Amino acid sequence: MNTEVVEVQVRAVLPLEGSFAVFLGNTEKVFVIYVDETVGAAISMFMRGVSKERPLTHDLVGHILMAFGAKVERIIINHVKGSVFHARLIITAENELHTKKLIELDARPSDSIALAVQQNAPIYVAADVWLAVEDMTETLAKIEKQGQEAKEAAAAAETIIDDDDDIDDEDIAAISDADIDAIANQSGINPNSDTYDDGYGGMDDDDEEGEEWKKGG
């Protein structure tokens, strides 16, 4: 495995039509990985600290690791082939004698990112992958700007409601429905595929979805 890596953070997680766009990067560069809705939602909830009534899949995995004295040490997005990313999940475990064991597992980037965010573990990208991916910094900045403008418009509309009871509900609904999917499409992100190839031959299966790297328009 390539030992030269670049540390990145999850910069944004945006819902799109049938998928989520996970923006990863640092001050130098940002790139995007498309993940399925279930894992994208999990990453988003971990980032926002959303509490859940019952543990979901990644919560359960985290609890199992904790029960065995293990934790996610780091993850590395170590390979990209065509539109498919691959990752390695690095886990450390300590037994009763305080003997540490390092375990490296092949994993989907989406699951790896979810667990890393859950456990505040660092995320790395192999240097060759970092050089291969397209820089989406300007696209993300545009999305964030338009998202902020949408929030400000919604806030302004609420203020108007307080002063004018004659405004139609449809007018307010039109403002409230300016979701991030439309913003992403306006910004040139256009993930048209309904299917995901996880690098293991699985397609269209909830347990075998994968990530696609797609260039912004």
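Which residues form a nonpolar patch on the surface? They are L60, I64 and F68, and together they have about 330 Å² of accessible area. Keep in mind that you're looking at a predicted model.

**The surface patch**

- F68, one of the patch residues, sits in the loop between α2 and β4 (70–81).
- F68 has a relative accessible area of 65%, so it counts as exposed, the cut-off being over 50%.

**Helix α1**

- Helix α1 covers residues 37–48, which makes twelve residues.
- After α1 comes G49, which has a positive phi, near 65°.
- The buried residues of α1 are V39, G40, A42, I43, S44, M45 and F46.
- What covers those buried residues? The cover includes the strands β1 (5–16), β2 (19–25) and β3 (30–35), along with the helices α2 (57–67) and α3 (109–118).

- Side chains of opposite charge can pair when their charged atoms come close.
- The count of salt bridges here is four.
- One of them pairs R108 with D36, with the closest N and O atoms 3.9 Å apart.
- R108 lies in the loop between β6 (100–107) and α3, while D36 lies in the loop between β3 and α1, so this pair ties together parts that are 72 residues apart in sequence.
- Are these two residues buried or exposed? Both R108 and D36 are buried.
- For R108 the relative accessibility is 12%, which is why it counts as buried: the cut-off is under 20%.
- R108 also forms a salt bridge with D111, and there the closest N and O atoms are 2.8 Å apart.
- D111 has 22% relative accessibility, so it counts as partly exposed.
- Through shared partners, these salt bridges join D36, R108 and D111 into one network.

- E104 belongs to strand β6 and R88 to strand β5 (residues 84–94), so the pair links parts that are 16 residues apart in sequence.
- E104 is partly exposed, with a relative accessible area of 38%.
- R88 is partly exposed too, at 22%.

Methods
Residues are numbered from 1 along each chain as its sequence is written. This is a predicted model: local features need pLDDT of at least 70, side-chain atom pairs count only at pLDDT 80 or more; totals for chains, interfaces and linings use all residues. Side-chain values use heavy atoms; hydrogens and water are left out. Helices (H or I, at least four residues) and strands (E, at least two) are DSSP runs, numbered from the N terminus. The expected span of a helix is 1.5 Å times one less than its number of residues. Buried means under 20% relative accessible area, exposed over 50%, partly exposed in between (1.4 Å probe, protein chains only). Contact means heavy atoms within 4.5 Å. Patches are made of residues with over 30% relative accessible area and no salt bridge: like charges are joined within 9 Å, nonpolar side chains (Val, Leu, Ile, Met, Phe, Trp, Tyr) within 5 Å. Accessible areas come from the Shrake-Rupley method with a 1.4 Å probe; for residues, only the protein chains shown count as cover. A salt bridge is a side-chain nitrogen of Lys or Arg within 4 Å of a carboxyl oxygen of Asp or Glu.
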